[in-house]
Amino acid sequence: MKQALIVVDMLNDFITGALKCDRGVAIVPQMTQLVDGARKAGIPVIFTNDAHVEGVDHELTHWGVHAMAGTHGAEVIPELKVGNRDYVVTKRRFSAFFHTDLDLLLRELGVDTLIVAGLQTHICVQHTIADAYYLGYNVIVPKDATDCFTQEIYDYTIKYLADIYGAQISDVDTLIKSWKS
Ligand code: ZN
């Protein structure tokens, strides 16, 4: 089993900007631990980031302007700072696989198991996991390193990810311990 950590949309606009939410702010410490733990364990860290194109991207008509390519809002939050061994994949839809080179990158890295964390659980995290499932990857979700606008949607989505895509639901401590053993 070769793992990679997929960090979804931990961007300024999702934490402190246009689509900010308190529940997103609350997972920053766990995300920081998870990213640090993965780097120390030699697990590839792949940031998958919204980078929308003004006047073109379909999603903007429904969600409003957010994470526009090249702006501060589209940058990874300072707490997680992209390291020189990390990878960055930009996306223009919810799924990090849709018209991006994520699948190619994962295949070249020999990865078969994805740890998917970040925001929002029921939107970009879920759509990325759906595509991962279609493409044959195993998926692990650290439940304390993802969240969304409400507890109700979060609870429903975590159960859905397990029931429908067979995602293994774990947590940051358990994963970090498993990397050390
Ligand atoms: Zn978006």
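Predicted model: local features only at pLDDT ≥ 70, side-chain atom pairs only at ≥ 80, totals over all residues.
Visitor: OK, and helix 5 itself, which of its residues are buried?
Guide: L102, L105, L106 and L109 are buried there. They span an arc of only 95° around the axis, which puts them on the same side of helix 5.

Visitor: What do those buried residues pack against?
Guide: The buried residues of helix 5 pack against strand 1, strand 2 (45-50), strand 3 and strand 4.

Visitor: And which exposed residues sit on the face turned away from the buried side?
Guide: L104 and E108 are the exposed residues carried on that face of helix 5.

Visitor: What does D103 pair with?
Guide: D103 forms a salt bridge with R107, and the closest N and O atoms are 2.8 Å apart. The two residues are four apart in helix 5 (residues 102-109), so about one helical turn separates them.

Visitor: How many salt bridges does the structure hold?
Guide: Eight. One of them joins K91 and D9, with the closest N and O atoms 3.0 Å apart. That pair links distant parts of the chain, since K91 is in strand 3 (residues 87-91) and D9 is in the loop between strand 1 and helix 1 (12-15), 82 residues apart.

Visitor: Are K91 and D9 buried or exposed?
Guide: K91 is buried, and so is D9. For D9 the relative accessible area is 0%, which counts as buried.

Visitor: What about the phi of D9?
Guide: D9 has a positive phi of about 50°, although it is not a glycine. As background, most residues other than glycine have a negative phi.

Visitor: How accessible are R39 and D86?
Guide: R39 is partly exposed, at 28% relative accessibility. D86 has a relative accessible area of 12%, so D86 is buried.

Visitor: Which residues do salt bridges with shared partners join into one network?
Guide: D9, D50 and K91. D50 also turns up at the zinc ion.

Visitor: Nice, which residues coordinate the zinc ion?
Guide: The zinc ion is coordinated by D50 (OD), H52 (NE2), E59 (OE) and H66 (NE2), at 1.9 to 2.2 Å. Along the chain, the donors follow the spacing D-x1-H-x6-E-x6-H. D50 and H52 are buried.

Visitor: Why is the arrangement irregular?
Guide: The four donor atoms subtend angles of 91 to 162° around the zinc ion, which makes the arrangement irregular. For reference, the ideal angle for four tetrahedral donors is 109.5 degrees.

Visitor: Switching to helix 8, which residues are buried there?
Guide: In helix 8 (residues 172-180), they are V172, L175, I176 and W179. Their arc around the axis is only 95°, which puts them on the same side of helix 8.

Visitor: And what covers them?
Guide: The cover includes strand 1 (3-8), helix 3 (28-41), strand 4 (113-119), strand 5 (138-142) and strand 7 (168-170).

Visitor: What happens at the start of helix 8?
Guide: There, a side-chain oxygen of D171 reaches to within 3.2 Å of the backbone nitrogen of D173.

Visitor: Last one: what does N12 touch?
Guide: Leaving out residues up to four places away in sequence, N12 touches G17, H72, G73, E75, V76, I77 and P78. N12 lies in helix 1, and its 5% relative accessibility makes it count as buried.

Technical notes
Residues numbered from 1 in each chain as written. Heavy atoms only, no water. Buried < 20%, exposed > 50% of the residue type's maximum accessible area, 1.4 Å probe, protein only. Arc of directions from axis to C-beta. Contact = heavy atoms within 4.5 Å. Polar contact = N/O pair within 3.5 Å; in protein donor to acceptor, adjacent residues only side chain to side chain. Donors = N, O, S within 2.8 Å, 3.2 Å for Na, K, Ca; no water. Tetrahedral: all angles 85-135°; square planar, octahedral: opposite > 155°, others 65-115°. Salt bridge = Lys/Arg side-chain N within 4 Å of Asp/Glu carboxyl O.
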